[in-house]
Amino acid sequence: MDTNQYIEVFLDESREHLQSVNDNLLKLEKQPEELTIVSEIFRSAHTLKGMAATMGFEDVASLTHQMENVLDKIRNGELVVTTEVIDVTFSAIEALEEMVESISNGNDGKKDVTELVSKLEKIENGSSTHELHESTPSKTSDTLFEMDEYQSTIISQAAEQGYQVVQITVQLNDDCILKAARAYMVFEKLENKGEIVQTIPSVEEIEEGNFEQDFSLLMVTKETNTDIEKVIHSVSEINQVEVSEFTLEKANNNEKQESKPESVTPDTNTEAPQGKQKQSKTIRVNLERIDNLMNLFEEVVIDRSRLEDLAQKLKEPELTETIENMTRVTEDMQGLMLSMRMVPVEQVFNRFPRMVRGLAKELEKEINLEITGADTELDRTVIDEIGDPLVHLIRNSLDHGVESPAKRRESGKPEEGNVSLRAFHSGNHVFIEIEDDGAGINRDKVEAKAIENGLLSAEHSEVLSDEEIYQLIFSSGFSTADQISDISGRGVGLDVVRSKIESLGGNIIVESEPGKGSKFSIQLPLTLSILSTLLVNVQDEIYAVPLSAIVETMLLDETQIMSVQGQKVIDFRGKVVPIVSLREIFDVPRQDESKEENAVVIIHKGDKMAGLLVDSFIGQKEVVLKSLGNYLRDVFAISGATILGDGQVSLIIDPNALVK
Amino acid sequence: MANILITDDAAFMRMQMKDILTKLGHQVVGEAENGQDAVEKYQELQPELVTMDITMPEMNGVEAVREIKKINPDAKIIMCSAMGQQGMVVEAIQAGAKDFIVKPFTPDRIKESVEKVL
């Protein structure tokens, strides 16, 4: 079978199931008695196994199969949930994730799973010695029906109301040809006599004639067995009919695990189990298509601004009106399209509980991870990139931040450390914070290290505030951990984290209080592709300044510009703000000597500000950010380019580079 | 012993069917060669039982069943189908046909069917 067309769906669904197993395992660890969770995990493993086998990924299938065996025993009360079981299952899940990733990278997803399989087998068999002595009832051959919740409810209700439940097996003549039509006739006859609850094979299969000469069904009825037999025999080509009474107890052999938790906690279980996720109508769309749509839309935006320019020139009221309307519509479209690309940050956060659990064990620390705002949405591209930096920061908090239980006790803190991971929206940005209640950053150590590494001079260090010193940990070649552990502190790291975040258009700062803990805050833009900008003139060239960075615009008198140590500054609301001339920075040729630069755009980065000296302001414009391509990477203070309405290319300024 | 109307567009099939039914002791009161014909003859002859081919010109068997059922909701009709007409057969049953037999017929099968329906 050609399975290539299904691979995307397979991967998506596999990831979903692995994630659900992950979540449920963590839950199970906290409440090992909860068998509904085991059933959930079992179901996911089972689905995975089926999918993998269909797709021909043998290793995935064999590992999930063995997992399923263990889970099945737990589900049936033959095995107890121990830390060992959870650990091994976690490593199995890890291996499965690796395999799925390898498949998604176009490989065959092969991996040596024999060790894991044998570990699982050992659990499965090893504990079978203290198997519960409740003898597993032999499968009675006369019942093949497996009930789901709904069906067993119907059956038990029917019994209460004086209906009887019968199991009917109908055998057709050997020479019967149109079996489906014949079966249809049987069903039609029976429909007047009661309600058919379940059939084997399924109704669909019977309708397609996919059965040997016989089929079975379960129905709720008030008729007697002989009456039913008679009714069925009135149909031609029926060889044999068997009607027998059916009770739930009979079925319980097969579906013990399902009915058990039900009977123990009848309906008190208002909190629906994980598996019953809220149903929303969704379709899966390849991200590429949305990107294509976005690209096309960007072209529309460019044409729109061209039209806007034309309308301004022609001054035709009807045209202007139409274009204004189009502008509104396209703005709505843009919002929608951006929201399509938005994914909850949950996708990234999901993997952390397990990671923290594993790390805490390894480091012999007790750590409680608290996640809030997992439903905060971020642009897909940002989501894809933000995972690694976050992993690094969390590792960092666990390793360097939270102290060992002994140390914590000494300093009067609870032994269990807290790490919180928070995400929230604010304005045009999303913030992600990682806060721990550990030892905090030691200013002296950072200072000493920075001086040692030549990042700082001794006398300069005295002027700097704590905050400023802390930011040094993001400089390259920096690690304050006394001992390099496996987990972090190889000295490559925080600087990589920072550059990654900056490449996403965000920034990171750290706050810390000795003895109380530290907090890393990451600020990320909501979207990356369409920007609101202010267009400015510098001689004959047009530049775009992102609106998000602009504090204010103003016109200056020559006299207001002062000079401090050779640097031009102005007094901006009582603050001394340095002034830079865009003409000088970008080396724009001076066409017209008479043009006097006196317009200033005040931009900010964090608390710091700077003024950009330009010739004149043009106005606000939505522009589409296009990268400069691979040849022109890392151009100073330029983040990209855009095409304006009249076809001119304008460079987009990166304000972060201009504020020091 | 019943009065039966046979419907089939192939004369050969009608002959064969008539033969078998007669041997079983029934009375073939009429033969129709398409659905339209069958509906008219049904009204005229008021047979106790109709055998109905499915694929026929003018009006097919399923439509004919519907028409006849309009005339007499209790009409007893047995469909005669070729292999691979499962869908049509189910449709005919839904329309109210009482049974179906699959070509090629055997006398036993026809006997069983007629007895069950009557």
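# Reading a two-chain model

Tutor: Chain B and chain A bury about 1300 Å² between them, with 59% of that area on carbon and sulfur atoms. Keep in mind that this is a predicted model.

Student: Why start with an area?

Tutor: The size of an interface is often given as the accessible area lost when the parts come together. On the chain B side, the greatest losses to chain A belong to Gln86(B), Phe100(B) and Lys116(B), which together make up 39% of what that side buries.

Student: How many residues of each chain are in contact?

Tutor: Here 18 residues of chain B are in contact with 16 residues of chain A.

Student: And how many residue pairs are in polar contact between the chains?

Tutor: The count is ten residue pairs, both partners being at pLDDT 80 or more. Helix H4 (86-95), strand S5 (99-102) and helix H5 (107-117) of chain B each provide at least two residues. H4(B) gives the most, with five residues. By type, the side of chain B that touches chain A has seven nonpolar, six polar and five charged residues.

Student: How many salt bridges cross the interface?

Tutor: The rule finds two between chain B and chain A. One pairs the side chains of Arg109(B) and Glu237(A), at 3.4 Å from N to O.

Student: How many salt bridges does the whole structure have?

Tutor: Over all chains, the search finds 35. Take the one between Arg357(A) and Asp87(A), whose closest N and O atoms are 2.7 Å apart. Arg357(A) lies in helix H14 (residues 352-363) of chain A and Asp87(A) in helix H4 (residues 83-104) of chain A, so this pair ties together parts that are 270 residues apart in sequence.

Student: Now the sheets, please. In what order do the strands of the chain B sheet stand?

Tutor: In chain B, five strands form an open sheet in the order S2-S1-S3-S4-S5, and the pairing is parallel. Strand S2 (27-32) and S5 of chain B are at the edges with a single partner strand each, so one side of each has no neighbour in the sheet. From one strand to the next, the twist averages 20 degrees.

Student: Which strands does helix H2 of chain B lie across?

Tutor: Helix H2 (residues 35-45) of chain B lies across S1, S2 and strand S3 (49-53) of chain B, and runs at about 145 degrees to S2(B). H5(B) lies across S3, strand S4 (77-81) and S5 of chain B, at about 175 degrees to S5(B). H5(B) is also one of the elements that supply the side touching chain A.

Student: What is the pairing in the six-strand sheet of chain A?

Tutor: The pairing is mixed, and the open sheet has the order S14-S18-S19-S17-S16-S15. Its edges are strand S14 (550-555) and strand S15 (562-564) of chain A; each has a single partner strand, so one side of each is without a neighbour in the sheet. Neighbouring strands of this sheet are turned by 40 degrees against each other on average, direction ignored. Strand S18 (residues 599-605) and strand S19 (residues 608-614) of chain A run antiparallel and are joined by seven bridges. There, Ile603(A) has Ala610(A) in S19(A) as its bridge partner.

Student: What should I look for in the backbone of the loops?

Tutor: Check the backbone angles. The peptide bond from Ile200(A) to Pro201(A) is cis, with omega near -5 degrees. Pro201(A) is in the loop between strand S2 (194-200) and helix H8 (203-207) of chain A. Another case is Gln539(A), which has a positive phi of about 50 degrees although it is not a glycine. Gln539(A) sits in the loop between strand S12 (530-538) and strand S13 (541-546) of chain A.

How values were computed
Residues are numbered from 1 along each chain as its sequence is written. Chains are lettered from A and ligands numbered from 1 in the order in which they are written. This is a predicted model: local features need pLDDT of at least 70, side-chain atom pairs count only at pLDDT 80 or more; totals for chains, interfaces and linings use all residues. Side-chain values use heavy atoms; hydrogens and water are left out. Contact means heavy atoms within 4.5 Å. Buried area is the accessible area (1.4 Å probe) that two parts lose on being put together, summed over both. A salt bridge is a side-chain nitrogen of Lys or Arg within 4 Å of a carboxyl oxygen of Asp or Glu. A polar contact is a pair of N or O atoms within 3.5 Å; within protein, one must be able to donate a hydrogen and the other to accept it, and residues adjacent in sequence count only if both atoms are side-chain atoms. Helices (H or I, at least four residues) and strands (E, at least two) are DSSP runs, numbered from the N terminus. Ala, Val, Leu, Ile, Met, Phe, Trp, Tyr, Cys and Pro count as nonpolar, Asp, Glu, Lys and Arg as charged, and the others, Gly among them, as polar. Two strands pair if DSSP finds at least two bridges between them. Axes are lines fitted to C-alpha atoms, for helices over the stretch in contact, and angles run from 0 to 180 degrees between N-to-C directions.
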